[in-house]
Amino acid sequence: LPLPPGPPKRFLTGNLHQLPTVKQWLVYAEWSKQYGPIMTLQILNRVTILITSAKVALDLLDARASIYSSRPWTWMLHDLAGNGSSMFSLSSQDPRFPRYRKMLVAGMNKRAVGRYRPVLEAALKEFLRNIATRPDNYESVLTTYSGGVALKIAYGYDITEPVEDDFFVQLIEGGEGTVPSLVQPFFFVEAFPFLRFLPKWFPLATFHRIAAAKKKILDAMVYVPNEWAKKKLETNPSDSSFFSEHYFAKEDGGSLSKTEADDLMWTAGAIYTGGAHTTSSAIATFLLLISSHAQVQARAREEIDRVVGRGRLVNSDDRAAMPYLAAILKETLRWAPPVPQGLRHAVIQDDIYNGYLIPKGSAVIANIWAITHDAEMYPKPFEFDPSRFLGDTPQRDPAELFLLSQTFLLADIVVSFVFGFGRRVCPGATLAEESVFLAAANLLALFDIKKALDTAGREVDPMESLDWRTGLVTIPLNFKFRLVPRSADTLAAMIDG
Ligand code: HEM
């Protein structure tokens, strides 16, 4: 059977010459207009299947999740950079996979997230104080918010002031883009593994030097917080976090086995690294969109004032009473999904779909951005229109949570599109939605979110200079907005109190 169609290949190197280096999700979406919703990208002996429609993604990654939930193995990431034990890289057939997922799901499901409420509320106040004074620095302020929540939940770590000097914040910021830099460009060692025996000093062995530099960063992101958390628990065993709960979980009060300690290190690391940049991307997009859609903003604020009044911050219990804000957040995630091409899946056995062969071991990329911009499912996909999720015939929620049993998918949720697919669906989705809701609702409650002004005092369209970061997690770059407190007294009382 043939492979799915795709751009024409060259002898031996296949599509190497066409491999996009920036904003791949846009390029793949463009190709799909010519080659259809399932395509092949072949580089030497490595096959990648690109999916750009919801139907194909759900047919394969959800309906056939038992064979499509692995990760492609790469020499650079798994072997040379030593990241094979990470949750994000682990094969679905590895015996650690169900153990990791079980720990993460138990630690990040709805009930668990409810217990983290005080953490979220403290981080929220810190965030509101920071964004009020440094709106132009939104990227760093947002990373501190989402990274701070993740660090506190994972390890019980409190970010220190000034945040620019906080070692863990720097680790998060420095770690951004490390994994994509190992898997997105094509390294010849992937096709010719014997190259890994080249000595490290050999002039053509640049890949060795890249892998070694990235290994340092990736190791630091897991080992350093792990050692910090262990030390902290020696002096303060009552501290509560994902880490401490597992550290003291032995019924007989004994210490963890090597395997248990390793599992804990990698799962806590997954919360830290998974949570650091994703939520911040969604909130940045919210700021971009809401600052340029005054009517949507006014309607959302009216809803918040009606439900909460002006005397307190919005909290998680208010969420159910705010359908319009819920629609805005769905539309934000649809308009710019934070992980636009998802994480690569891999298929563990030969499969056949619509007369095409999907060979065992192929990487499978479901282009989430293309799916949420499919005009058949979301008419006028480039318009920001929260009302598409309201009324009698709402369009499909791109981040819908379905409750399923723990045993079936090793997650208590299956989420459509924005949070990924099948057995790899994002275990942090509930926490993410909660953190984004709190930030968005309170920004609206406390500030008029306006377009920035130029030197002549005219409003600047934030879309004019807009760009997007290339990487696993994207974020809108180079836009400006203004936060005008609705009442300076209320603001001070709420966020300092
Ligand atoms: C708006 C915020 C977020 C978005 C859009 C998002 C999206 C995603 C996506 C698309 C995947 C890949 C799923 C797949 O392979 O099909 C993923 C995986 C993952 N996410 Fe998230 N995520 C978000 C927030 C978070 C948070 C807050 C955490 C942790 C606290 C987290 C932890 C993880 C982990 C550990 C994985 C790997 C799961 C696995 O490999 O089995 N994410 N996320």
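The structure is a predicted model, in which local features were considered only at a pLDDT of at least 70 and side-chain atom pairs only at pLDDT 80 or more, whereas totals for chains, interfaces and linings use all residues. Residues are numbered from 1 along each chain as its sequence is written. The average pLDDT of the chain (the predictor's confidence in each residue, from 0 to 100) is 91, and 96% of the residues score at least 70. For the complex, the predictor reports an ipTM of 0.99 together with a pTM of 0.94.

The ligand is surrounded by 27 residues, of which the closest are Gly274, Gly275, Gly420, Cys426 and Gly428; a residue is counted here if its C-beta atom, placed from the backbone, lies within 6 Å of the molecule. At least two residues of this shell come from each of helix 13 (258-276), helix 14 (278-291) and helix 19 (429-446), where helices are DSSP runs (H or I, at least four residues) numbered from the N terminus. Helix 13 gives the most, with four residues. The shell comprises 18 nonpolar, eight polar and one charged residues, with Ala, Val, Leu, Ile, Met, Phe, Trp, Tyr, Cys and Pro counted as nonpolar, Asp, Glu, Lys and Arg as charged, and the others, Gly among them, as polar.

Helix 9 (residues 167-175) packs with helix 11 (residues 206-235) at an angle of about 150°, the axes being 10 Å apart; axes are lines fitted to C-alpha atoms, for helices over the stretch in contact, and angles run from 0 to 180 degrees between N-to-C directions. Helix 9 and helix 11 are therefore roughly antiparallel, a term applied to angles over 145 degrees. Phe168, Leu171, Gly174 and Gly175 of helix 9 make the contact with Ile217, Ala220, Met221, Val224 and Pro225 of helix 11. Seven of the residues in this contact are nonpolar and two are polar, with no charged residues.

In the second pair, the axes of helix 15 (residues 294-308) and helix 16 (residues 323-335) come within 8 Å and cross at roughly 140°.

Key: Angles under 35 degrees count as roughly parallel, over 145 as roughly antiparallel, 65 to 115 as roughly perpendicular and the rest as oblique. Two residues are in contact if their C-beta atoms, placed from the backbone, lie within 7 Å.
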